[in-house]
Structures are given as structure tokens and as C-alpha cells.
Amino acid sequence: MKKVLVLEDEANIRSFIVINLQRYGYDPIEAETGEQALDRLREHPDIGVALLDVMLPGIDGFEVCRRIRASGAKTGIIMLTAKSQEMDKVTGLMTGADDYVTKPFSPSELIARIDALYRRLGNTLENTGGALISGPFRLNPSNRVFEKNGERVRLTQTEFAIMNLFMSNPGKALSRGDILSAIWGDDYAGELKIVDVNIRRLRLKIEDDPTNPAYITTIWGYGYKWGS
Ligand code: CA
């Protein structure tokens, strides 16, 4: 899964971002301070995009951005700024950042920016952002296209994220809880049934015979698996 660094000191905003990243199939790596963010980037060199809050205790987001660029890393950088009035400062100081999003932002706005940045970075991130291929299926995370036998199958963002999870873990038994926390986030308050509802819908879209599924197989009393 594509990793996104989330540097944000406010826990509630951070978890809001994390939940939405997971929902859209990204793998969020959290950091509370600038120093922590730089550590996380060293630990996970495959982080493709970093979201950097500007106002932080300790070194601020601009300084983190400057240090990432000074290290020569190709990481895509999106600054999270507090107010639109900060625009001048942002444009003046954002040398090195690829984009910025002004708070408060909607999840779909943020995800659209991340998707777009990942697309732009596509060529340099081929090893992490490349298409997943399994049997007749091809899933391309960078343009979010899912195909069966070369024909596009329209999936919701949630279904796409589930397929991404399955195809990234072929043959692995995934409990319904695993799927729920990977796609909806650990703080999701709803029921496990949402997993089954989505799987049922996915089977209708991707299986040759949805009543006798061959690709998304059921592990009774546990969960699901990609492949038999
Ligand atoms: Ca802040």
C-alpha cells in the first residue's frame, strides 16, 4: 500500500486524516513533531507523500520540508496550513513543497490532492505505486483503475481499497476485523457487517459466478482470503 506521512500535532486532526487515508487505501505513518517526522521518513524510505502541518511545537513544517529537500529525497510534500491569510507566507516559504491544503479541508479534497501528487510522482515511484496483477485482474493505484480481462470494472473507493488490500496480500487469511481496521480505521464505530456487505457487492462485480466465488473466498467464522 502507498505510504503517506501524516505530520500533525493535534491528535484529533491527525486521526481524522489517518482514518480517511486508510479508507481510500493509503497506509498512513503518523508523526506528532517535526523531529519524529524526519525519523519516520528515515525508517520508511518508501513514503511517497508527506503531509506537513505548518504550526508545530519544535521545528515547524517549513523547516521539515526544507530538511527533506536538503536530504535529496523525492518525497511529494503537501503543506497543511491553518488559515487562508497565511497564503503569502506559504507561497514565499513553500519552496520545495508540491502543494498545500488550507484547514479546514474535506477528506475528498485532501485525498484528491494526494492522488494527484502520487500520479505526478508515478514514474519515480514505480516500485511502490505500480499496478497489482492477479489472474485476470489488474489494479492500478496511481489512476485508481481496476480491470478484469482488460475491461474496466467500476468500483467505489471503499471497494477499490478492499481490492487493493486483497491483491497486496494474496493467499493471506484476513479476518473481518483486519479488513475493517485497514479500510475503515481502528476508530470506526460501526459493525463488522459493513465488511460483508462490501464483499457481497464486490463479488457481484468481479466474480464469474458470485454464488460460487473463486477469487474472494470465505474462511468460515473468520473472514476472507484472496484466492483459493
Ligand atoms: Ca498544528
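Which residues does Leu21 touch, not counting residues up to four places away in sequence?

Modeller: First, the ground rules: this is a predicted model, where local features need pLDDT of at least 70 and side-chain atom pairs count only at pLDDT 80 or more, while totals for chains, interfaces and linings use all residues. Residues are numbered from 1 along each chain as its sequence is written, and side-chain values use heavy atoms, with hydrogens and water left out.

Leu21 touches Val4, Val6, Tyr26, Pro28, Leu51, Ile111 and Ile114, leaving aside residues up to four places away in sequence. Contact here means heavy atoms within 4.5 Å. Leu21 is part of helix 1. Helices (H or I, at least four residues) and strands (E, at least two) are DSSP runs, numbered from the N terminus. The relative accessible area of Leu21 is 0%, so Leu21 is buried. Buried means under 20% relative accessible area, exposed over 50%, and partly exposed in between, with a 1.4 Å probe and protein chains only. Pro107 sits 86 residues away from Leu21 along the chain, yet their C-alpha atoms are separated by 8.4 Å.

Helix 1 lies across strand 1, strand 2, strand 3 and strand 4. Its direction makes about 160 degrees with strand 2. Axes are lines fitted to C-alpha atoms, for helices over the stretch in contact, and angles run from 0 to 180 degrees between N-to-C directions. Helix 3 also lies across this region, covering strand 1, strand 3 and strand 4 at about 170 degrees to strand 4.

Next, the sheet under these helices. Five strands form an open sheet in the order 2-1-3-4-5, with parallel pairing. Two strands pair if DSSP finds at least two bridges between them. Strand 2 and strand 5 (99–102) are the edge strands; each has a single partner strand, so one side of each is left without a neighbour in the sheet. On average, neighbouring strands of this sheet are turned by 20 degrees against each other, direction ignored.

Lys2, Val4 and Val6 are buried on one side. Lys3, Leu5 and Leu7 are buried on the other, so that both faces are covered. Strand 1 pairs with strand 2 (residues 26–31) in the parallel sense over six bridges. Val6 has Glu30 as its bridge partner in strand 2. From strand 1 the chain passes through helix 1 to strand 2, a right-handed β-α-β crossover. Right-handed means that, with the strands pointing away from the viewer, the path from the first strand over the helix to the second runs clockwise.

Strand 1 also runs parallel to strand 3, joined by five bridges. Val4 is bridged to Val49 in strand 3. Further along, strand 4 and strand 5 run parallel and share four bridges. There, Ile78 has Asp99 as its bridge partner in strand 5.

Then the metal site. Asp9 (OD), Asp53 (OD) and Met55 (O) coordinate the calcium ion at 2.2 to 2.4 Å. Asp9 is in the loop between strand 1 (2–7) and helix 1 (11–23), and Met55 is in the loop between strand 3 (47–53) and helix 3 (61–70), so the pair ties together parts that are 46 residues apart in sequence. The donor spacing in sequence is D-x43-D-x1-M. Donors are N, O and S atoms within 2.8 Å of the metal (3.2 Å for Na, K and Ca); water is not among the atoms, so sites may look incomplete. Asp9 has 25% relative accessibility and therefore counts as partly exposed.

Thr75 is in the loop between helix 3 and strand 4 (76–81). Thr75 has 8% relative accessibility, so Thr75 counts as buried. Leaving aside residues up to four places away in sequence, Thr75 touches Leu41, Ile47, Gly48, Val49, Ala50, Ile68, Arg69 and Asp98.
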